[in-house]
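Good morning, everyone, and thank you for making time for this.

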Amino acid sequence: MINSHSLGVGRSVSEALTQFFLIDELQSEISKVVAHMTGAEAAAVVHCTSAGITLAVASAMAGDNPSKIASLPDSSDMPNRVVIPACHVVNYGHSILTDIRLAGATPVVAGRDKSCTAYDLQDALADTRTACLLLVSSRLVQGNPVDLSEAVTLAHKRNLPAFIDGAAQDMRIPELLATGADLVLVSAQKYLASPTAGLIIGRRACVQACRAQEQGIGRAMKATKEAIVGVLAALDERQRLDITAWRAEQDRKVHWFVKQMSGVAGIKASEMPDPTGALFSRVHLRIEPVHRFPTASALAQALRSGNPSVWVGEHTAENSLILELVPLSREELHRVVERISELGRQSHQVGQTPATLHRE
Ligand SMILES: *Cc1c(COP(=O)(O)O)cnc(C)c1O
């Protein structure tokens, strides 16, 4: 077996491409490492979080029953309704409901208008043909927050497994497991920075039932050998990361950025803590209507079409932009600041008035 320790993600992956592996060996190594890091019973790697959601749902319907596994996505002889709070119906490129349906299940949205109370959940879970409860911990979630522990308890009262999609929450896995969830799903290509992969983490029987789907629909969602090796290397780097120093560095980057923006007329910058309790903040840029600055979307478009292309989050309702600085180097941060300042100056030259000129 490859020794991914200390090689780094890139080299581990490139060496893996020329070697042969027993996937079971790689998966049990992952399970051991993740269990050590998070306190979970077991873990496995699948293609991505989206695939992980589909497989978790499939596992709730078919368990380890070979004929049920073989018949999915035809779920006509199984409990096949998956309850999800209305405020958790998020879209990360496609709707999370698609991931549920891909397994052959039918989503049951609890509550409505982005709101879901404990009563709404209880109602939805009371359906006798219900397979599981799916929850999402993400900044994409809207409306009043659902108490994850309470929701998991409600599912368990009905003897149903509860799964949490925490795709970008790889730094909060123990916290999410502490809700009692049977599985927590995270993406390895987000903050862990491995090749694209999804980690399924939690109770051993549930992880095994997800892996049993490799004989069924999971074949099409399998992790490649190089992805699993890359995840092992990324986990190794994470274990050696000094989290306190990392957090301080992220804070410094955000403070610095906000300060740089104070010199740009037309932009009001502030620090925006992560709504899900992640360990870092983002930069919030509000575009002031009093200036002749482009709208937030025009600015985002201009940043995207520059070289290098800069992609930012848009909050069109508030005419504001959200910038995530975690993966950026110092040099890259300087370039982004320069680019925004330059776009600001250009816009003032186009429609300048004595007042804006003066302000600059
Ligand atoms: C990114 C994300 C996903 C999808 O993860 P992939 O690994 O890209 O499939 C699912 N749910 C949430 C909340 C996400 O943020």
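Let us begin with Arg-81, which is partly exposed at a relative accessible area of 29%, and please keep in mind that this is a predicted model. The partner of Arg-81 in a salt bridge is Asp-127, and their closest N and O atoms lie 2.5 Å apart. This pair joins distant parts of the chain, since Arg-81 belongs to strand β2 (residues 81-85) while Asp-127 sits in the loop between α6 (118-125) and β4 (130-136), 46 residues apart. Asp-127, too, counts as partly exposed, with a relative accessible area of 24%.

As for the background, side chains of opposite charge can pair when their charged atoms come close. In this structure there are 16 salt bridges, and I will take up two further ones.

Which residue meets the side chain of Asp-24 in a salt bridge? The partner is Arg-211, with 2.8 Å from N to O, and here again distant parts of the chain are linked, with Asp-24 in helix α2 (residues 23-38) and Arg-211 in helix α9 (residues 204-212), 187 residues apart. Asp-24 is exposed at 52%, whereas Arg-211 is partly exposed at 21% relative accessibility. Together with Glu-214, these two residues make up a network of salt bridges.

Finally, Asp-236 and Arg-240 form a salt bridge whose closest N and O atoms are 3.1 Å apart. Because they are four residues apart in helix α10 (residues 225-240), about one helical turn separates them. Is Asp-236 buried or exposed? With a relative accessible area of 9%, Asp-236 is buried, while Arg-240, at 54%, is exposed.

How values were computed:
Residues numbered from 1 in each chain as written. Predicted model: local features only at pLDDT ≥ 70, side-chain atom pairs only at ≥ 80, totals over all residues. Heavy atoms only, no water. Salt bridge = Lys/Arg side-chain N within 4 Å of Asp/Glu carboxyl O. Helix = DSSP H or I, 4+ residues; strand = E, 2+ residues; numbered from the N terminus. Buried < 20%, exposed > 50% of the residue type's maximum accessible area, 1.4 Å probe, protein only.
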